[in-house]
Amino acid sequence: MSDITKQSLSELVENIKGKKLSSSEVTKAFVERSEKSKELNAYITEDYANALNKAKKFDEKPNLDLKLPGIPMAVKDLFCTRDLRTTAGSKILNNFVPTYESTVTQNIWNEGAILMGKLNCDEFAMGSSNETSFFGNVQNPIDKNLVPGGSSGGSSSAVAAQLTPITIGTDTGGSIRQPASFTGTVGLKPTYGSCSRYGIVAFASSLDQAGPMAQNVKDCALLQEVISTYDEKDSTSIDFKRNKYSKELTKDIKGKKIGIPKEYRVDGMPKEIEDLWKKGIEYAKDCGAEIIDISLPHTNYALPTYYIVAPAEASSNLARYDGVKYGFRAEGENLIDMYEKTRSEGFGAEVQRRIMIGTYVLSSGYYDAYYLKAQKVRKLIKNDFDDAYKKVDAILTPSTPSSAFKIGEKTNDPVSMYLNDIFTVPVNLAGLPGISIPAGHDAKGYPLGLQIIGKAFDEQNILNIAYAMEEKIDFKNNITDWWIK
Amino acid sequence: MSNNKSEYLINRHDNQYEVVIGLEVHAQVTSESKLFSTSATKFGAEPNTQVSLVDAAFPGMLPVINEYCVKQAIKTGIGLKAKINKRSVFDRKNYFYADLPQGYQISQFKDPIVGEGKVILDMPEGQKEVGIERLHLEQDAGKSIHDLDPKNTFVDLNRSGVALMEIVSKPDLRSPDEVNAYIKKLRSIMRYLGTCDGNMQEGSLRADVNVSVRKKGSKEFGTRCEIKNVNSIKFMQMAIEYEANRQVDLIEDGQTIDQETRLFDTKNNETRSMRSKEDAHDYRYFPDPDLLPLEVSDDFIENLKSEIPELPDEKKKRFIEKFKLSPYEANILVSDIETSNYFENVIKKSDVKLATNWIIGELFAALNEKNLEITESPISAGNLSKLINLIKDGTISGKIAKTVFEQMMEGDKDPKKIVEEKGLKQESDPKALEVLIDKVIDDNRDKATEYKSGKVKLFGFFVGQVMKVSGGKANPQLVNEILKKKL
């Protein structure tokens, strides 16, 4: 089979289970394509030799009952992987090799998948374009010099370019859904507490959530089924009954009530996005869903709230990177000098900016005005969704206010960069699941995504809606392999 | 200066000052594992051998609350007659230090697990109640070691993440003696509960001491200074005396006291400024997003209440009422649970009055001399009980008993055997004693004549002679009776 890397995860699993393909053949195909795709800069750390060895071992004694039998896979470099360097896209962890495995990746390996390498991301997942990575920009396979989104930019690029059949990212304010939207792929941000945060380099603990990224909804559902487990090692992990997402996946969404929040019609939203949204509504109707106008009145406050809560938590979470125990250390005259040099040289500008913001909003005298108020607004935003879900089963919005932008276009304008997350951030603040599916192209031919937001723990429902709409949309990603010489 | 124990007054010129003290006691929770990790907490282990990835704050590591530590804190709260908060919150206290791997300490700031309570002190002038403001759970930091290398500091993370209870008193203490009584009482309660071993040498109990002074009679508090991390009662008392006098001197000199954090220099017996209020850390407290608020049910608290043993105050009351002990005796015997257990074991089968005297007198003195704890006593409660019965039933005299006791201290021997082997049994056979007495009178005819002619003081001489001849074994009561008749 010559076009192995063009196959979806589901096809690969079927072919390996049916013994039409071996894990070695599949792994070799993705490794070779990854090697030819260095220009995308999707990988931070490659582990191809080990992956090929593991595939060989799998083939010697294949366990075909597993959900991901011998499937090769690269993951975002925010997941700690035992014995393989984990950098979080930062110089400060450039030399860090964990002795432990994150729960989410362990779940994946337990189902037979094989690690190919670690994918690029914004430094500590702080960014919307993958430009804050210490390891450089990632190219969007859609077009040269186009950002792949962020922070899971290496992941979205690698899935879209078919360097890995599926992958996982993390989403704190849109870091799975926005890059999925920018690359014409599918990305799910699960309910907060669905996937364990154990072993994931923390950005903002109350918002961080791992999730699957894939080429289609079915693959996404299968991966979500694998990674979502209750974990005692994460105190915020929630013990709820998890569906067999891939088995229970259905296109029958007849009668589902889908809400359209008027507040998401933001000022200056391009007509293309408005049109996409309208098209999305028509697709949903075609699938038998009922469309209901709803209001999420505090939507406007979501972004400022997010940019208080997330940096506050980050400023504290990143205090451990001090040059004392592991990672990068710059020599100093004394302890304070060592701290200052280590953290000034070890962290990039965006991370430093957020540490500064976070430190400021938690400072005595400012705490009540910023952090405490933000927490109150966060509750109001959650209440908005709770009220809406009394009337509807899910909510449909655009994933982003624009298509992918050029590398360098927004690097000097952080606020414009932050505005990219305007539709995704409220979902994290409310702890809800959200999925982005590709739904069309803009005038330049760049993909655009639609977001379906669900009730807490209702991943099955939004996967079903996405699955049904995906068929109607019949999106084709336009990948020309321009980077392969 | 006043000698009144509950009052520590400083006189300068015409002014009289009283000292106001509040303590923040850091008590290490007795627990096999740490507050948020499963690492061991054993004292004295090789450096960095009891450190998990969580304790060392590796990327992606998350804290998980140790339920046992929560139970211990609640039990302590019950022991302090305090309000147990069914909902409490863990916060992050952010600051940088080499032995603080996370860059923050997980503590409880706004919503502690235990609220207001009280501790009763037994002072020479009577009882005194000291208010407890709160008790909260927090992580200990690691240890920085600066003296192993001229240039480098070494860090031992064995303590990192160990559970501490911070017990904050109200500013109700007024003298170094009250501080002594307070720490001892607190330690006693926690040892009864098994929630903190109170071992100050091992750092299981240490305190930040807040000291201020004010003119006697004033209702307003003076500006306080906090003396950090004092790890013995003696040092606390010395630090308070130094600090109170320093503050009075400043006031008398027309100066003001700066609110600041100070250190007690044990070598020079003085407190020194560590940092002023302006330099105080901004800890940027906020709720730890890695942990959910801690919620406990009424049932959970009630179950713990049922596990609370009889505490020192109640035990003291019982000892006084049931055993007719004096408050003084009862206080001593209940001061720590091992002593009271020992006492209760001894009196299971022997006389209470004798047991009380022997434990408070001979046993304590002997243990003191050998620098032993009651738990290390060479004499078991059972054998002390036997010794007391030998006295009570007249087998040996109190004097002989002391000899037997000394031998028992050399190794836990059965006093009956010692008495038998050494032939120390008291001679209580009147006929045998008569033979002895006749011989003594015979040998001292002249003195017997003097006695009969009215020199009654000589009676003691005869008793002594009889005891001497008997090798101390003669039953003194019988000797008295027979001598009276014979003379």
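This is a predicted model: local features need pLDDT of at least 70, side-chain atom pairs count only at pLDDT 80 or more; totals for chains, interfaces and linings use all residues.
Residues are numbered from 1 along each chain as its sequence is written, and chains are lettered from A and ligands numbered from 1 in the order in which they are written.

Chain B itself is split into domain 1 (9-304), domain 2 (310-421) and domain 3 (430-486), with bounds from an automatic or database domain assignment. The C-alpha centres of domain 2 and domain 3 of chain B are 33 Å apart, and each of these two domains gives four residues to their contact. On the domain 2 side, one of these residues is nonpolar, two are polar and one is charged.

Within chain B, helix H1 (residues 67-79) packs against helix H4 (residues 298-306) at an angle of about 65 degrees, the axes being 10 Å apart. Helices (H or I, at least four residues) and strands (E, at least two) are DSSP runs, numbered from the N terminus. Axes are lines fitted to C-alpha atoms, for helices over the stretch in contact, and angles run from 0 to 180 degrees between N-to-C directions. H1(B) is therefore roughly perpendicular to H4(B), a label for angles of 65 to 115 degrees. B:Lys71, B:Ile74, B:Lys75 and B:Ile78 of H1(B) meet B:Ile301, B:Leu304 and B:Lys305 of H4(B). This helix contact has four nonpolar, no polar and three charged residues.

Turning to chain A, eight strands form an open sheet with mixed pairing, in the order S4-S6-S5-S10-S11-S9-S7-S8; strands pair if DSSP finds at least two bridges between them. Strand S4 (167-170) and strand S8 (290-294) of chain A are the edges, each pairing on one side only. Direction ignored, neighbouring strands of the sheet are turned by 30 degrees against each other on average. Inside the sheet, strand S5 (residues 186-189) of chain A runs antiparallel to strand S10 (residues 434-441) of chain A, joined by three bridges. A:Lys189 stands opposite A:Gly434 of S10(A).

Conventions: Two residues are in contact if their C-beta atoms, placed from the backbone, lie within 7 Å. Ala, Val, Leu, Ile, Met, Phe, Trp, Tyr, Cys and Pro count as nonpolar, Asp, Glu, Lys and Arg as charged, and the others, Gly among them, as polar. Angles under 35 degrees count as roughly parallel, over 145 as roughly antiparallel, 65 to 115 as roughly perpendicular and the rest as oblique.
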